Amino acid sequence: MSLLTFKHVIADFVLQTAWMAHGKDQKHGWALPLLVHCLVHLAVALPLIVIVAPRFWFVAFIDFAIHITIDRAKGFVSANFGVDLAHPWFWTLIGVDQALHHLTGFGLSIFMAAN
């Protein structure tokens, strides 16, 4: 869990650019920024998992698929309901997004620990 949380902080905050953060939440042109952002998650997760638990290398790809789904849903809501910094749903949407990412890490951690 600590490893996946570390990965999340690095990929979602340290390595995410403004182009990724704003681009993935647009009504049009969101696909490339979203893909690049989620590939960063994959690029950070894969070596960390291979170092710590090599037989679970595929978990990085599961994390990628779930991350891209969560972020696309957030982007869809942001773009179609005008959720920006001034909108009352902004922080709720950010909180739900982050909670889902952390629950993903928790679930994947349980999966790896149980196998």
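One cavity of 30 Å³ or more was counted in the structure, a cavity being a set of points on a 1 Å grid over the protein atoms alone where a 1.4 Å probe fits but cannot get out. The structure is a predicted model, in which local features need pLDDT of at least 70 and side-chain atom pairs count only at pLDDT 80 or more, while totals for chains, interfaces and linings use all residues. Residues are numbered from 1 along each chain as its sequence is written, and side-chain values use heavy atoms, with hydrogens and water left out.

The largest cavity holds about 90 Å³ of space, a volume being the space filled by probe spheres set on the grid points, which are joined across faces, edges and corners. Its lining consists of 13 residues, and those nearest the centre are K7, H8, D63, H101 and G105. Helix 1, helix 4 and helix 5 are the elements that give two or more residues to this lining; helices are DSSP runs of H or I with at least four residues, numbered from the N terminus. By class, the lining of the largest cavity comprises four nonpolar, seven polar and two charged residues. In this classification Ala, Val, Leu, Ile, Met, Phe, Trp, Tyr, Cys and Pro count as nonpolar, Asp, Glu, Lys and Arg as charged, and the others, Gly among them, as polar.

Open space was treated separately. A pocket is an open set of grid points with protein on both sides within 12 Å along at least five of seven lines, and lining residues, for pockets and cavities, have an atom within 4 Å of a point. The largest pocket contains about 470 Å³ of space. Its lining is made up of 19 residues, with A21, D25, K74, F90 and I94 nearest the centre. At least two lining residues come from each of helix 1 (2-14), helix 2 (18-23), helix 4 (59-81) and helix 5 (90-114). Helix 5 supplies the largest share, five residues. Seven nonpolar, five polar and seven charged residues form the lining of the largest pocket.

Three salt bridges were found in a search of the whole structure, a salt bridge being a side-chain nitrogen of Lys or Arg within 4 Å of a carboxyl oxygen of Asp or Glu. In one of these, D63 pairs with K7, and the closest N and O atoms are 2.7 Å apart. This pair links distant parts of the chain, since D63 lies in helix 4 and K7 in helix 1, 56 residues apart. D63 is buried (under 20% relative accessible area, with a 1.4 Å probe and protein chains only), at a relative accessible area of 6%. K7 also counts as buried, at 2% relative accessibility. D63 and K7 are both among the residues nearest the centre of the largest cavity.

A salt bridge also joins D71 and K24, with 2.9 Å between the closest N and O atoms. D71 lies in helix 4 and K24 in the loop between helix 2 and helix 3 (31-52), so the pair ties together parts that are 47 residues apart in sequence. Both residues, D71 and K24, are buried. In the salt bridge between D25 and K74, the closest N and O atoms are 2.8 Å apart. Because D25 is in the loop between helix 2 and helix 3 and K74 is in helix 4, the pair ties together parts that are 49 residues apart in sequence. D25 and K74 are both buried, and both are among the residues nearest the centre of the largest pocket.

M1 belongs to the segment before helix 1.

R55 is in the loop between helix 3 and helix 4 and is exposed, with a relative accessible area of 56%. R55 and M112 are 57 residues apart along the chain, and their C-alpha atoms are separated by 9.4 Å. L42, in helix 3, is buried at a relative accessible area of 12%. Between L42 and V52, ten residues apart along the chain, the C-alpha separation is 15 Å.

Notes: Buried means under 20% relative accessible area, exposed over 50%, partly exposed in between (1.4 Å probe, protein chains only).
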